[in-house]
Number of protein chains: 4
Amino acid sequence: MKIGILGATGYTGHELIRILRGHSEAEIVYLGSSGSAGQKIADIYPGLNEIVDNNLESDQEVPEEIEVLFCALPHGITAGRAEKYLDRQIKVIDLGADFRLKDKNIYEAWYKTSHASPHLLAEAVYGIPELNRAEIAGKRLIANPGCYPTATQLALVPLLKDKLLKSDSIIVDAKSGVSGAGRGTNLGVHFSEVNENFKAYGVATHRHTPEIEQELSKAAGEDILINFTPHLVPMTRGILTTIYASAAEGVEEGDLLQSWQTVYADEQFVHQMPGGEWPQTKYAYGSNHVFMQLKLDKRTGRVILVAALDNLVKGASGQAVQNMNILFGLPEETGLKTNGMWP
Amino acid sequence: MKIGILGATGYTGHELIRILRGHSEAEIVYLGSSGSAGQKIADIYPGLNEIVDNNLESDQEVPEEIEVLFCALPHGITAGRAEKYLDRQIKVIDLGADFRLKDKNIYEAWYKTSHASPHLLAEAVYGIPELNRAEIAGKRLIANPGCYPTATQLALVPLLKDKLLKSDSIIVDAKSGVSGAGRGTNLGVHFSEVNENFKAYGVATHRHTPEIEQELSKAAGEDILINFTPHLVPMTRGILTTIYASAAEGVEEGDLLQSWQTVYADEQFVHQMPGGEWPQTKYAYGSNHVFMQLKLDKRTGRVILVAALDNLVKGASGQAVQNMNILFGLPEETGLKTNGMWP
Amino acid sequence: MKIGILGATGYTGHELIRILRGHSEAEIVYLGSSGSAGQKIADIYPGLNEIVDNNLESDQEVPEEIEVLFCALPHGITAGRAEKYLDRQIKVIDLGADFRLKDKNIYEAWYKTSHASPHLLAEAVYGIPELNRAEIAGKRLIANPGCYPTATQLALVPLLKDKLLKSDSIIVDAKSGVSGAGRGTNLGVHFSEVNENFKAYGVATHRHTPEIEQELSKAAGEDILINFTPHLVPMTRGILTTIYASAAEGVEEGDLLQSWQTVYADEQFVHQMPGGEWPQTKYAYGSNHVFMQLKLDKRTGRVILVAALDNLVKGASGQAVQNMNILFGLPEETGLKTNGMWP
Amino acid sequence: MKIGILGATGYTGHELIRILRGHSEAEIVYLGSSGSAGQKIADIYPGLNEIVDNNLESDQEVPEEIEVLFCALPHGITAGRAEKYLDRQIKVIDLGADFRLKDKNIYEAWYKTSHASPHLLAEAVYGIPELNRAEIAGKRLIANPGCYPTATQLALVPLLKDKLLKSDSIIVDAKSGVSGAGRGTNLGVHFSEVNENFKAYGVATHRHTPEIEQELSKAAGEDILINFTPHLVPMTRGILTTIYASAAEGVEEGDLLQSWQTVYADEQFVHQMPGGEWPQTKYAYGSNHVFMQLKLDKRTGRVILVAALDNLVKGASGQAVQNMNILFGLPEETGLKTNGMWP
């Protein structure tokens, strides 16, 4: 496969490169950049010198030969360009937010910008393979989910489909490493202000909220509103989401575990921890794996669910490659077989 | 005041020493240790060499002259000794868990040990000055609260007293730095396994749960059960607690803020953040201050409350000194005036 | 004392505020800022809300009442303003580099700017109290040393004065936390690029080199050139410097230790570690203390010396306060009595 | 290839598993453990659940089919067992120290234990492929070098062979992440005591000193003594070594760079940074790459050399796999193609 990456100089771009170098069927033939065209990718990331020698080219000139294009761009940009690529028979995998929300109005309300190609929203497939693999195959436009939504949906969707939770009771308390904020520089990612520090941010206003609600509502078959509170952890990689929901009447812990088991037993990237063990973000470090656990607290009737993953892999570039593998009929784990680094 | 510390070699012991060296009325005359008697405290903490030259003495021989004794011991030990000290007119401030729970049975159920002096439980005062200052003054046995409970109660107690929250809706998602686990060595505090990692622990089983429930129930005037999930943050100091609760009927955000304001407006250690600002643990670093914020999410009807403090100061040794100041009629801020270190 | 701080919004400004709040004789009456005048300091550092309520004022209008002015400004600025303050009988303590180098040409070569008041260079006193206390007293213009130079000189100056080292053999391999780079934002302090990373920087070009050489040369009575290599440690605070030098003929380890002992035995902030113990930066965390150790490796004839301190305290603001205390005839430890935080 | 690992539960064991899972020709058929036999590797590392399902077996019973055995054991153990494996035609790659030192007496002096099979020392090949590839091929017993020695030798050996440095002038100031200390628990790896801290350790006594000296002496053709000072960096992975040496008479910086170039130009794992760029440990994160740079400081006549690598990959398990590839005639990069993770 001839692969192109738009927005190659960001963290998800670098991670795509790292993953795809270990992918037996992939060849990166184009790295597009708006600000660094004319340089080498190794000028931006000196650790790639002598290892990855691709040049950065204008992000306006996607070469003819490209078969699949990863768009790792700020929101709003891919929406304006996607049709052009689709018309050329290029498969488009958007790591940004432009095609995740099905309702143009919700997109515009949360992202404060108009949507340049709302007619493509219906066609775009929201790409979490473990939850909608069948829909992905054969498509040409994939909305690759955000990091928080992936962890949250993997934990909740089976339980909501099985009506095991009270749908108005869901609270998502999420924690992310700093790389989720990207490579831009500001006080919020200044080492001296993040290290030895912990905080909540975007309380009740984070843009992943409607994306999660849309997919949970679809699973539940009814409108769901959640509380979603992200926090910044003084670490580089990793997302852990702690979810609280009231169990539906008569539901036992075994029912909940069985629901997960039914969906994930054969999945190679999604793992229910053994009894008594709880996920740690580091289990997933540098890998496409997700680790989950749950417990029903009988005292309160609430379920506590935890899911952990690497925000740059299963939460971004790894899942994008997994989607690509499905689009091209390859074994899903191609290029994604590594387990997490420890320590 | 002639001061003694039992369990001086632990982290809260070291922190008591650091704070009390800046306390104009305090003189540390005794450092008791079960395992290191005969050594100097500076042998245990080499950074104290030439600065703090106290010897460590047997923790069985509290000298006559002691007026106040800080007990920083594993649970179960202080319960067996407290009466002896009280009989000698020593004020006892217990940084451990032995006198926090009023119900002996609950203590024994959660701590898996019998209680050696249940007759003292009624007398012991639970010491969060901002919430029960009047009860502390003049007493002789203080149960110094845990780090998680302090943050949680400061956020919730005023609102529960004012009936602003639905009492069956409370979820406490808490995050702590590693120093809360003490100085013992095990894989759970191994740098290589904690750094660049984040996890939940003690899910639905943490011992601070009944302590929080007891005090919240007292404030609400009804039995309250909560969900409490602690998490381990890859940092040394700091606790942040994110709390979710449904607002009572008709309650507006302004009511909630006013409730805090009424209780804390004149407090020098408890601070409601300005509008739009959210607490960060680092604001409190090395200080006795607490930072809080809340928001009513009208979409879900839930309040999100956040409180942050330094687990070793307001969450342990600083609050203990604050309690001591009250016991001895000193200005409460004596020895505690520093603001947080930044960065 | 009525105190003013120019450049109050930087890290050394914040640290001066923190230290001076615990100083019995100090009153901060003026915080000057070029970029944030009109705001409160607590707008810049939200953790100061309700705790420090000073306003930020124009840095051009130092009030009449000021007796001592701390200048925490980028290099080049204080040089242009110092005379004005001195004329008003204000004591000036410059935390920047403008008055550290005695030779205007060396300053201009390394700092790439002309010096606005070279006539003041002779008068300015280089302020490391343990090495030149007598010169500081009674003066009006103090050049507060840099963080690396303080650690390096405290280790080397006594040995060079006593002719115990070969003067052409000195290598200084230094390591600093990130706060030494200040609060400006760039990729070099981006959490995701600094965390879990270690690097050298400014190899053979760092501006602290001539400052160290000047003072070592003065101590040795001959021109000394050194190699100086700073490194960035993924931590916020702390400097540790590892120094290598060949022992002079016939010198034994005891001679070296005795040289330190003679100078530092009565110093309350400088500590030779007990035998076998080596300094850790954390011993000094948040304090004005310095920890040192040395060893003569008989196999190679070289001495290895290590010194550790908190770059924002003894390496900047704490030393500045120590200098102020001397200028005003106060006990040197006023406001600086705390020991290091642990953990 | 049928592969066995002795000491599989340590960090280098886990890293071997991670690397070998991506190795097209490798099959791990045996994981030996002295303390955890009977458990699964995933019981020790819960992040391996459902991903790596190997059992841990007694480390005394290496199966017949094994073709190559990685020994990741504490020093002293492999020496006592190696012959037994060699007699069975198993290739032995020792990640420990037992076969690195050619002189039994030096081994016994530094490791404080007798050597169980000194007759194998001559046969064992010290395995840094870039420096002695030809010697490795076809052998059966490889002494895989330590992490510090690998970085140090890659920087120095070419220059010493080319007589470009004064051989009595070498100082190695090295910095390592915490994972180098292994998985054992003690205060020295306690998160609260390592985080936000930096220190030197093993000053003038570290056991990697004679290993480095042996190989440098061999390269130089004369006995070389060095100063070697390791430091502990508050990070998990990475080693950076800063080396100082006086240039030989008349040597220019270009000569030094040319010496490296001659040896490393075609190496795929060793990279001289572009001019002006200096190595960062993170460039190598999780990869087998090494990054190097040097500068001749004309003021002092000394060369400053820096090399950075991942201590668990090129400094241990990655290099071990690289050696295995050579032993079996495979392309050297098999299983080792990934570039470093960033961030």
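The model is predicted, so local features need pLDDT of at least 70 and side-chain atom pairs count only at pLDDT 80 or more, while totals for chains, interfaces and linings use all residues. Residues are numbered from 1 along each chain as its sequence is written, chains are lettered from A and ligands numbered from 1 in the order in which they are written, and side-chain values use heavy atoms, with hydrogens and water left out. Helices (H or I, at least four residues) and strands (E, at least two) are DSSP runs, numbered from the N terminus.

For chain A, UniProt has an unreviewed entry that places the feature "domain: Semialdehyde dehydrogenase NAD-binding" at residues 2-139. UniProt positions are given in the numbering used here, feature names are shortened, and annotations may be inferred rather than shown by experiment. The span is 30% helix and 18% strand, and its end C-alpha atoms lie 17 Å apart.

In chain B, helix H1 (residues 11-20) has 10 of its 10 residues buried, so this helix is largely enclosed by the rest of the structure. Buried means under 20% relative accessible area, exposed over 50%, and partly exposed in between (1.4 Å probe, protein chains only). The buried residues of H1(B) include Tyr11(B), His14(B), Glu15(B) and Arg18(B). They pack against strands E1 (2-6), E2 (27-33) and E4 (68-71) and helices H2 (41-44) and H10 (313-327) of chain B, together with helix H7 (191-194) of chain D. Contact means heavy atoms within 4.5 Å.

Helix H5 (residues 129-136) and helix H10 (residues 313-327) of chain C pack at an angle of about 35 degrees, with their axes 11 Å apart. Axes are lines fitted to C-alpha atoms, for helices over the stretch in contact, and angles run from 0 to 180 degrees between N-to-C directions. On the H5(C) side the contact is made by Pro129(C), Glu130(C), Arg133(C) and Ile136(C); residues of H10(C) in the contact include Lys314(C), Gln322(C) and Leu327(C).

Lys139(C) is found in the loop between H5 and strand E7 (141-143) of chain C. At a relative accessible area of 31%, Lys139(C) is partly exposed. Not counting residues up to four places away in sequence, Lys139(C) touches Lys91(C), Val125(C) and Leu327(C). Lys139(C) and Phe328(C) are 189 residues apart in sequence, yet 9.7 Å apart in space, C-alpha to C-alpha.

How many aromatic pairs does a search of the whole structure find? Over all chains there are 20. Rings of Phe, Tyr and Trp (its six-membered ring) pair if their centres lie within 6.5 Å; planes under 30 degrees apart count as stacked, over 60 as edge-to-face and the rest as tilted. Tyr148(D) and Phe228(D) have ring centres 5.1 Å apart and planes at 75 degrees, so the pair is edge-to-face. Tyr148(D) lies in helix H6 (residues 147-161) and Phe228(D) in strand E10 (residues 227-232) of chain D, so the pair ties together parts that are 80 residues apart in sequence. Tyr148(D) is buried at 2% relative accessibility, and Phe228(D) is buried at 2%. In chain A, ring pairs link Tyr283(A), Phe291(A) and Trp342(A) into a cluster.

Back in chain B, Ser176(B) lies in strand E8 (residues 171-176). Ser176(B) is buried, with a relative accessible area of 3%. Leaving aside neighbours within four places in sequence, the contacts of Ser176(B) include Tyr148(B), His231(B) and Gly238(B).
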